[in-house]
Amino acid sequence: MRYCELLEGLTTGEFTFGFELEAIYLDKENKFKEDQITGLEFLEDIRLLDKIEQYGITGKLVEDSSIEANGSHSIPFEFVSNPLPFSPSNLTKMFKTLSSLKSINCFTNSHCGFHIHMKYPSMNSNDMRWLLACISQNDEYKNIVTSFKDYDFYSLEFADPGFLDELDIAINDKDNVEIDNLLDTSKYRVLRIHPQGTLEWRG
């Protein structure tokens with residue numbers, strides 16, 4: 001067995017992940033006629049999904065009205081991947097998918113987000129609450145989920161990391177009411193307990 005195959009077998013467990021990518025397609029040839037067809041229908045006609053899926057990550061395209069795209073030939077969309085086993089090969093496929101966007105006329109702006117959902121078969125809301133509590137009390141962990149090298153991977157508007165500091169204070173103060181309030185399913189946080197049962201990282 002080759003090394004890569006052995007590594008794949010050893011590192012692939014029951015954890016799964018999926019991601020949501022908000023992006024914009026640039027219609028360089030000005031073929032999109034807004035008065036004749038919807039943006040999503042146009043993206044289906046040009047088979048954009050097939051181009052996104054070329055590295056093995058499958059999913060679907062959906063409309064996203066939260067993305068501000070300037071110009072009539074900039075078409076916003078969201079790609080929602082199917083759940084995948086958490087493994088080196090699938091992470092590589094995801095990186096290749098993201099790296100290929102520019103070559104298929106897709107780009108992002110400050111209104112676009114990238115969200116990763118993580119799941120374990122037996123994971124429940126209490127498990128996720130415990131994980132968030134542990135992260136909140138460890139500065140190294142907080143840095144891991146909010147930054148990489150010189151880049152900040154959060155948005156104060158759509159993915160606020162501040163609640164982790166608030167949770168840290170509440171735990172130290174033994175303020176159970178505030179702890180319970182902070183460990184809810186509020187959406188616009190860098191880490192979120194998603195109502196569908198996943199732990200969501202929002203970048």
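How many disulfides does a search of the whole structure find? The search finds 0.

## Basis

This is a predicted model, in which local features need pLDDT of at least 70, side-chain atom pairs count only at pLDDT 80 or more, and totals for chains, interfaces and linings use all residues. Residues are numbered from 1 along each chain as its sequence is written, and side-chain values use heavy atoms, with hydrogens and water left out.

## Cysteines

A disulfide is a pair of cysteine sulfur atoms within 2.5 Å. The closest cysteine sulfur to that of Cys-106 is in Cys-112, 10 Å away, so a bond is ruled out by distance.

Cys-106 is buried, at 5% relative accessibility. Cys-112 is also buried, at 16%. Here buried means under 20% relative accessible area, exposed over 50%, and partly exposed in between (1.4 Å probe, protein chains only).

## Salt bridges

A salt bridge is a side-chain nitrogen of Lys or Arg within 4 Å of a carboxyl oxygen of Asp or Glu. The count comes to 8 salt bridges.

One of them joins Arg-129 and Asp-180, with the closest N and O atoms 3.1 Å apart. This pair links distant parts of the chain: Arg-129 lies in helix 5 (residues 125-136) and Asp-180 in helix 8 (residues 176-182), 51 residues apart. Helices are DSSP runs (H or I, at least four residues), strands likewise (E, at least two), numbered from the N terminus. Arg-129 is partly exposed at 21%. Asp-180 is partly exposed at 43%.

Glu-200 and Arg-202 also form a salt bridge, at 3.3 Å between the closest N and O atoms. Glu-200 is buried, at 2%. Arg-202 is buried, at 4%. Elsewhere, salt bridges link Asp-139, Lys-142 and Asp-165 in a network. Asp-139 sits in helix 6 (residues 139-146) and is exposed, at 54%. Its C-alpha atom is 9.4 Å from that of Asp-165, 26 residues apart along the chain.

## Surface patches

Patches are made of residues with over 30% relative accessible area and no salt bridge; like charges are joined within 9 Å, nonpolar side chains (Val, Leu, Ile, Met, Phe, Trp, Tyr) within 5 Å. Accessible areas come from the Shrake-Rupley method with a 1.4 Å probe, and for residues only the protein chains shown count as cover.

Phe-148, Tyr-151 and Phe-153 make a nonpolar patch, with about 350 Å² of accessible area together. Phe-148 belongs to strand 7 (residues 147-148) and is partly exposed, at 48%.
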